[in-house]
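Biologist: I want to go through the terms used for this model and see what each one rests on. Please set each value against its cut-off.

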Amino acid sequence: MNKLLLTRDGKKQEMDSNLILEENTVIINETTFLFIDARDSQENLTLVIAPEVELQLSILGFQSANHFSFLLKKDARVSVSHFGIDSCDSYQVVLQEEGAKIRYCYSSLTRNSAVIPIEIKHMAQHTESEISNHCFQVAGDYTFDVTGIVLKNCAGCICNQENQIINLTHGKSKIHPNLLIDHYDVVANHSAYVGKFSKEVLFYLASRGLNPKESYVLLLTGFLLGKMSLSDELKGRFENKIQEYGGERNESGGFSNFTA
Amino acid sequence: MLEIKDLFVETLDHKEILKGFSLAMKPGEIHVIMGPNGTGKSTLSKVILRNPDYVVKKGDILYQGESILPLSTDEVARRGIFLAMQNPISIEGVSNSEFLRTALNARSQNKVNIYLFMKEMEQAFQDLAMPKEMMHRSINQDFSGGERKKNEILQMKLLKPQLILLDELDSGLDIDSLKIVCQNINDYLMEHEEASLLIITHYPRILDYLHPDVVHIMIDGRVVKSGDISLAYELEKNGYHGMNVVSEEEIHE
């Protein structure tokens, strides 16, 4: 797997020659897997995905504030699994040419206040975006500001977004799910949920013998990582990060830093 | 196995649901509760599972000789009581296999052997004529009504309870699926002779496959009549009004 490490001091790449890093732009010319490990970084990074190329991208942001821009050419296909811990990474996607498709799963586990601007712009016909933004908010105020744009004459587009914030405290949570659609032959959906894990779900898990903390761990991991396409190695690594964040595991398997 | 003594239960907003409900089940017995809509049958199953939305005002529930009223839902479940729910919910992002492995680990001192667990799970999927791919799908996500009910029985087979509560299992199951599910329950009961079954249903159809020892008619939060399986067929033929177990007023309530 190709790797790109972003730190406060700059970038370090372990990438094949078919991936080109120019200043703040990565050019993807061949179908590839890429992992971006972003620690304490504040970069503006643009990824340009060439025609008919497929990119499987995983991003782990830790206390980072990066902005990722994606420019998809004709029939490019991108799947992004982006997990942030106390980070406020944001992203913008431009589906520039016909047939470009992106599936973006963004999850954040945070105690910091943040406003996360996200924009998906459809500039050509038959482009598709499926966007999922999840946040588990341990403290602070958190906002997803998510805008899907379909320009005029972009027929046959699919522009879907799904947003959820699970709020553990009494901090403020907001979701602004915007759809700006300027053509009639378009499928566009949005959903937004702010709240806690439902008591029906907690009762169902309890009725199978899981105590509240065990239920929380299962639900939290599923909520943050369940929609992502991750290798077993990265999935294990992300799960470990959640566990580290949660604090010591207690005897019943729960996390000391989270309470139900 | 289970003894419910003069149980009075109300909701958090003080609506009285169970009004002196009593029942006694011995190990290995199959009991059925039938009753009109809104009479408290599903509430009873949730109260046994100690759902915090219900408050026990009077009476007791004894399981294997001990009161379970002081226990939480997960503690009751870990003692071997299982509720197959009327409307099993879906949980996005949590796979069936992950969930069941966590549930089994919660019951055991030792971690579940993944290889043995997967083998047992695959066998259970096969027994219930469910596609194996479903084990990696989110709990009940995009499952049909029948698949959700089968999934409940799959969980029962793996968690191996001693007391099984089936809340309207037959609703949402087609004829073939009902046969398969009941066959699995009967096989389970053969294998676990001490296990008991409490069936909540509206129709005697399920009783063609699961042969009950006792049938209870429940009206307005309490048992008003008990008998053998002929009571269920009589009820189907005559309705609650024809059985003289309920007043005209209660029927329309």
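Modeller: A:Phe70 touches A:Leu47, A:Ile49, A:Val78, A:Val93, A:Val94 and A:Ile102, leaving aside residues up to four places away in sequence. Touching, or contact, means that the C-beta atoms of two residues, placed from the backbone, lie within 7 Å. This is a predicted model: local features need pLDDT of at least 70 and side-chain atom pairs count only at pLDDT 80 or more, while totals for chains, interfaces and linings use all residues. Residues are numbered from 1 along each chain as its sequence is written, and chains are lettered from A and ligands numbered from 1 in the order in which they are written.

Biologist: Which residues touch the most other members of the largest nonpolar core?

Modeller: They are A:Ile49, A:Phe70, A:Leu72 and B:Ala84, in a core of 143 residues. A nonpolar core is a set of buried Ala, Val, Leu, Ile, Met, Phe, Trp, Tyr and Cys residues joined through C-beta atoms within 7 Å. Buried means 20 or more other C-beta atoms within 10 Å of the residue's own, exposed 12 or fewer, and partly exposed in between, with C-beta atoms placed from the backbone. Helix H2 (212-225) of chain A gives this core the most, eight residues.

Biologist: What makes this core lie between domain 1 and domain 2 of chain A?

Modeller: Domain 1 (2-196) and domain 2 (198-260) of chain A both give residues to it, so it lies between them. The bounds come from an automatic or database domain assignment.

Biologist: What makes strand S2 and strand S5 of chain B edge strands?

Modeller: The open sheet in chain B has the order S2-S1-S4-S5, paired antiparallel. S2 (16-25) and S5 (66-67) each pair on one side only.

Biologist: How many residues of chain B and chain A does the contact take?

Modeller: Chain B gives 20 residues and chain A gives 17. H3(B) supplies the largest share of the chain B side, five residues.

Biologist: How do you know what span is expected of H3(B)?

Modeller: The expected span is 1.5 Å times one less than the number of residues. H3(B) has twelve residues and reaches 17 Å from first to last C-alpha, close to the 16 Å expected. Its buried residues include B:Phe99, B:Leu100 and B:Leu104.

Key
Pairing = 2+ DSSP bridges. Helix = DSSP H or I, 4+ residues; strand = E, 2+ residues; numbered from the N terminus.
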